[in-house]
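Happy to walk through this one with you.

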Amino acid sequence: EKTIIKEVHVPSVKKIEAGAFKGATSLMKVELGAEIPDVADDAFAGTSDAKDLIVPEGAREQYKEFAAKHGFNTINGKEAYPIPEGVQIEGTELKGLTYMFAGNKLELPPRITKIRSRALFGKSLKSVTGLGIVEIEGSALRNSKELIEVNFPKLKKIAANAFENCPNLKTVHAPLVEEIGVGGFKDCKSLVEVNFPHLKTIPQGVFNARNGNLEKVVLSGVASIDDQAFANQLNIKSIEFGSALPKLTPQAFDDGLKSRGVTLFVPADAVSAYTNSGEKWFSAFKIKAKQ
């Protein structure tokens, strides 16, 4: 006889194994403790997206990403990611903000997958989080001069000039990005690290920033870098490429970088290929095996 589970109360649990509640379509309430347990990715697969997560109220904030990941619509009976007043949503897309929006931090519900062109153009935001965002259209956050950090864990496509002229943008968490358009991060001079392991092509002017502060570049899957991609970035200390040697145009990096002693980290079995390639940029870098 099949057991129907409607509620689970385990405030002391530390770990929930793979498939523990998989397919429990009647499950509508789960109670956990103040400390987030270690939960397998598919532990709640196939359960209702309308289920409620019950946790100590003081732990509500830290459980928000957990709720989104495991399909909990509400926390303690309230929507996990309520849409703030002034946020214009059409279907699964962010259309823009009205004058009714207050504050400088925007958290989008995980069901929102796209930020439309110019949706946040010139807005006074310091932080934007979109756990479900997959695409950001052209100039979407352009001229957002107060923007400091963005968090888009599922983001794959960034269109042209999407973040252009965000001079205070320092932290970009978007590990799955596969495409960035021309000038995507142009004049984002506060960026210290670029880490896009799935990015294949770096178009023209993507990270061109006058007085740029970029220090670390991780592009382990890159195949080509176009002119001016890293123009005016003279503070780069380390770069990481993959086993396949990318094609670099003559002006991919700023010429002033040649005398800066930049270290290029590559897989150990590719060191020889990089060293003997004859490519002027590889000759300008100190090539070392990635640890």
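The questions below set values against their definitions.

Q: What kind of model is this, and how are residues numbered?
A: It is a predicted model, where local features need pLDDT of at least 70 and side-chain atom pairs count only at pLDDT 80 or more, while totals for chains, interfaces and linings use all residues. Residues are numbered from 1 along each chain as its sequence is written, and side-chain values use heavy atoms, with hydrogens and water left out.

Q: What makes up the secondary structure of the protein?
A: There are three helices and 25 strands. Both are DSSP runs numbered from the N terminus: helices are H or I with at least four residues, strands are E with at least two. The C-alpha trace spans about 70 × 50 × 30 Å along its principal axes.

Q: Why is Val 55 called buried?
A: Buried means under 20% relative accessible area, exposed over 50%, and partly exposed in between (1.4 Å probe, protein chains only). Val 55 has 6% relative accessibility, so it counts as buried. Its place is the loop between β5 (52–54) and α1 (64–69).

Q: Which residues does Val 55 touch?
A: Leaving out residues up to four places away in sequence, Val 55 touches Leu 32, Gly 33, Arg 60, Tyr 63, Ile 75 and Asn 76. A contact requires heavy atoms within 4.5 Å. As for Ala 252, its C-alpha atom is separated from that of Val 55 by 51 Å, and the two are 197 residues apart along the chain.

Q: What makes Ser 127 buried?
A: Its relative accessible area is 8%, so Ser 127 falls on the buried side of the cut-off. Ser 127 sits in strand β12 (residues 127–130). With residues up to four places away in sequence not counted, Ser 127 touches Asn 104, Lys 105, Leu 106, Leu 147 and Glu 149.

Q: How much of the whole protein is buried?
A: Buried residues come to 44% of the 291 residues. The protein exposes about 14,000 Å², with carbon and sulfur atoms supplying 48% of it; accessible areas come from the Shrake-Rupley method with a 1.4 Å probe, and for residues only the protein chains shown count as cover.

Q: Why are β8 and β17 called edge strands?
A: They belong to an open sheet of six strands with mixed pairing, in the order β8-β9-β11-β13-β15-β17. β8 (87–90) and β17 (179–180) each have a single partner strand, so one side of each is left without a neighbour in the sheet.

Q: What makes β13 and β15 partners?
A: Strand β13 (residues 135–136) and strand β15 (residues 157–158) run parallel and are joined by two bridges. Glu 135 stands opposite Lys 157 in β15.

Q: Which strands does β24 pair with?
A: β24 (residues 263–266) pairs with β22 (residues 238–240) in the parallel sense over three bridges. Four bridges join β24 to β25 (residues 286–289), also parallel.

Notes:
Two strands pair if DSSP finds at least two bridges between them.
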